[in-house]
Amino acid sequence: MRPSLLSNLVVAVSAFAVSANKYKPCSLDGVDIIGRLPDTITPPMAHLTLSFVTAAIGTQNYTCSPNNNYTLVGAVAEVYDISCLAKSDEFTTVQDKLIGLWKSAPVGVTPHQVTSSSPETNANPLLGYHYFVPNPLGQPGNSPKWDFTSTGAFYGNEEAFVTAARFTGDTAPTGKQDIDWVGTNAIDPAGLLAAQVYRTDTREGQPPSECRSGESPDIQVKYACKYWFYGSAVPAESGWA
Ligand SMILES: *[C@@H]1O[C@H](CO)[C@@H](O)[C@H](O)[C@H]1NC(C)=O
Ligand SMILES: *[C@@H]1O[C@H](CO)[C@@H](O)[C@H](O)[C@H]1NC(C)=O
């Protein structure tokens with residue numbers, strides 16, 4: 001099982017490299033997060049349009065707090081355009097497919113290798129990365145960032161990122177094992193990738209309920225989700241060249 005998985009991965013990764021430049025996003029006309037959010041979550045601002053719809057896999061990182069529970073210290077994830085799935089049945093289940101592949105991947109297999117190994121997800125190009133940075137306004141703590149500047153269609157466009165802060169959210173409708181659904185507002189004016197970013201369709205990513213302060217190591221918990229980017233001011237023609 002393992003050797004054939006790995007050789008499939010190698011083939012898939014090379015195929016991806018050749019075809020990446022030819023990718024064109026599919027139209028998002030008629031696709032919206034409205035109607036998919038629970039009533040408890042504030043929807044995106046009405047004047048903003050959906051610029052990107054993506055699927056992501058990665059880890060939520062936690063450290064054991066003095067209260068003997070885990071607190072979030074960051075996350076690292078790869079973000080894939082799924083605009084071409086948006087009007088298909090696969091759109092509903094893409095995060096299930098991804099979390100299944102990701103959780104069963106051997107140690108050392110990267111998120112990119114995981115998505116490339118699946119015919120359903122290999123067609124979806126990598127747009128960028130999600131991770132945390134120090135709060136850009138100088139406030140305490142770290143802030144989530146989505147960065148499309150270093151790979152993919154917006155490679156080299158220094159404005160193709162968004163750093164944001166949560167302003168709305170709720171527990172996942174699918175259960176306690178899944179991280180919250182949230183809405184965030186952009187807080188760094190240098191980043192034009194989106195005005196608002198939403199996280200929905202979360203799968204897993206929660207830490208164990210307890211730990212022992214000073215003894216339990218930091219942990220990374222695998223997760224998958226969708227990220228929705230509203231109100232991009234990064235010109236479409238700067239990408240997909
Ligand atoms: C950790 O425990 C403290 C004290 O009981 C509580 O206030 C806090 O909300 C908990 N944090 C998490 C992430 O559960
Ligand atoms: C989170 O964990 C990943 C491994 O999945 C690691 O590469 C990254 O540096 C960690 N980031 C933080 C902020 O802990």
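Q: What percentage of the 241 residues in the protein do buried residues make up?
A: This is a predicted model in which local features need pLDDT of at least 70 and side-chain atom pairs count only at pLDDT 80 or more, while totals for chains, interfaces and linings use all residues. Residues are numbered from 1 along each chain as its sequence is written, chains are lettered from A and ligands numbered from 1 in the order in which they are written, and side-chain values use heavy atoms, with hydrogens and water left out. Buried means under 20% relative accessible area, exposed over 50% and partly exposed in between, with a 1.4 Å probe and protein chains only. By that definition, buried residues make up 46%.

Q: In what order do the elements of the protein run from the N terminus on?
A: Helices (H or I, at least four residues) and strands (E, at least two) are DSSP runs, numbered from the N terminus. The protein has four helices and eight strands. From the N terminus on, the order is α-β-β-α-α-α-β-β-β-β-β-β.

Q: How many bridges join strand 6 to strand 7?
A: Two strands pair if DSSP finds at least two bridges between them. Strand 5 (residues 161-170) pairs with strand 6 (residues 181-186) in the antiparallel sense over six bridges, and Asp170 has Trp181 in strand 6 as its bridge partner. Strand 7 (residues 196-204) also runs antiparallel to strand 6, with Gln196 in strand 7 as the bridge partner of Asn185. The bridges that join strand 6 to strand 7 come to four.

Q: What is the angle between the planes of Trp146 and Phe229?
A: Rings of Phe, Tyr and Trp (its six-membered ring) pair if their centres lie within 6.5 Å, and planes under 30 degrees apart count as stacked, over 60 as edge-to-face and the rest as tilted. By this rule the count comes to 10 aromatic pairs. In one of them, Trp146 and Phe229 are 6.2 Å apart centre to centre and edge-to-face, with an angle between the planes of 90°.

Q: How many residues apart are Trp146 and Phe229?
A: Trp146 belongs to strand 4 (residues 142-147) and Phe229 to strand 8 (residues 219-230), so that the pair links distant parts of the chain. Trp146 is buried at a relative accessible area of 3%, and Phe229 is buried at 0%. Ring pairs also link these two with Phe52, Phe148, Phe154 and Tyr227 into a cluster.

Q: Over the ring of which residue does the charged end of Lys145 sit?
A: A charge sits over a ring if NZ of Lys or CZ of Arg is within 6 Å of the ring centre and within 35 degrees of the ring normal. Lys222 lies over the face of Trp102, at 4.2 Å from the ring centre. The charged end of Lys145 is 4.5 Å from the centre of another ring, that of Phe161.

Q: What percentage of the accessible area of ligand 2 does the protein bury?
A: A residue is near a molecule if one of its heavy atoms lies within 4 Å of it, and ligand 2 is surrounded by Thr59, Asn61, Val73, Val76 and Gln220. A polar contact is a pair of N or O atoms within 3.5 Å; polar side-chain atoms of Thr59 lie 2.9 Å from an oxygen atom of ligand 2, and the side chain of Asn61 has an N or O atom 2.4 Å from an oxygen atom of this ligand. Accessible areas come from the Shrake-Rupley method with a 1.4 Å probe; of the 360 Å² that ligand 2 exposes when taken alone, the protein buries 48%.

Q: What percentage of the accessible area of ligand 1 does the protein cover?
A: The residues around ligand 1 are Asn67, Asn69 and Tyr70. A polar side-chain atom of Asn69 lies 2.4 Å from an oxygen atom of ligand 1. Of the 360 Å² of accessible area that ligand 1 has on its own, the protein covers 31%.

Q: What is the phi of Asn68, which is not a glycine?
A: Most residues other than glycine have a negative phi. Asn68 is in the loop between strand 1 and strand 2, and at 36% relative accessibility it counts as partly exposed. Its phi is positive, at about 60°.

Definitions and conventions:
A polar contact is a pair of N or O atoms within 3.5 Å; within protein, one must be able to donate a hydrogen and the other to accept it, and residues adjacent in sequence count only if both atoms are side-chain atoms.
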